[in-house]
Amino acid sequence: MPSSAARAAVALCAAVLVLGPAAPAHADSGGTLDWSVAPSTGDGPRAPKDGRPAFYAEGAPGTVLRDTVSVSNPGPKPRTVSLRGADVGAGDTGSGALSVALAKERPTETGAWIRLARRRVEVPPRTRAEVPFTVTVPEDAVPGDHPGAIVASGGGRTVGVRLHLRVGGPTLPALTVERVKIDQDAGRITYDLVNRGNTVLSPKLTVHADGVLGTLLDRPARPLPVELLPGRRVSLSEPWPDVPALDAAEVRLTATAPGGARDTATASARFVPWGAVAGGVAVLLAVAGGALHLVRVRGRGRSSEVPEPEAGPERECERAQQPGSARELAEAGTREEP
């Protein structure tokens, strides 16, 4: 076992990420204080809640790191608590919230590197149990961040304490902004953030949008409620409740993170009030149809009223050529003179 000085050196070279605050003691169904779990504060008088919020670990491939988890039972009854190492992931909701693998899921990453001195501990009333554990970094571990957790279960509840392990070697903070879309009906901008590097990122986002007549959106950089693990993708949205009714816009999203990670993506959209346009077209078509019908009705009236040509020499000749006129002339020729 290493000396206290060696343990202190490991702690000093560590970085921390928090899965969640160390679980505080709380009242159980019997009205008494329940158990809690937290990183150990050593042999001093301090309570675990006054110490580290998470476990610290950093080392090169092949290194064996050591620490201790503390399980406290402030109540009057003994408690039995189960302990295990677990992988940490980004859940299935796409929101970026971290999750811990279930007990039935065999760890394949950092959780598999954790070895606890005891997997099950019985804690007497008003006592704190200290359980040592090791983290063995594989020889072929990739440099960068490898988050994990120690999970404790007992008395009908399960809590976890975050372990952030950074494997020594070159680190590369990198992220990309992808699949930017403007949803006019929902009044929002959707996009994906992808961690392309090997460190955990806490990104910030800047939003800017320009329209035909000027700026539509100009939101300065703000932290996102996301802890982006290496290689992970998260789908997010930015509200835009006052989307213009008639305009053409270009939206630009810029994501940044500590360490120099930065990326920008754009999307364009044309905003047209299709309901009003459809109504206007319907009115125009109705007006045009009415005008065309009126023209046709007037045309039919004119064609049915053909005027008689005025009498003249030609008209008299036509009358003379009609059969009735010929008979009159014949009868006139056969009459005897008196």
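This is a predicted model: local features need pLDDT of at least 70, side-chain atom pairs count only at pLDDT 80 or more; totals for chains, interfaces and linings use all residues.
Local features required pLDDT of at least 70 and side-chain atom pairs pLDDT 80 or more, whereas totals for chains, interfaces and linings use all residues. Residues are numbered from 1 along each chain as its sequence is written, and side-chain values use heavy atoms, with hydrogens and water left out.

The largest nonpolar core comprises 29 residues; such a core is a set of buried Ala, Val, Leu, Ile, Met, Phe, Trp, Tyr and Cys residues joined through side-chain atoms within 4.5 Å, where buried denotes under 20% relative accessible area with a 1.4 Å probe, protein chains only. Residues with the most contacts inside this core are V177, V180, I189, Y191, L193, W240 and L253. At least two core residues are supplied by each of β11 (175-183), β12 (188-195), β13 (204-210), β15 (233-239), β16 (247-257) and β17 (261-271), strands being DSSP runs of E with at least two residues, numbered from the N terminus. A second, separate core of 27 residues includes V69, L83, F133 and V159.

Beyond its neighbours within four places in sequence, L193 has contacts (heavy atoms within 4.5 Å) that include V177, L224, V234, L236 and A255. β15 pairs with β12 in the antiparallel sense over 7 bridges, pairing requiring at least two DSSP bridges between two strands; P239 of β15 is the bridge partner of R188.

Methods
Buried means under 20% relative accessible area, exposed over 50%, partly exposed in between (1.4 Å probe, protein chains only). Helices (H or I, at least four residues) and strands (E, at least two) are DSSP runs, numbered from the N terminus.
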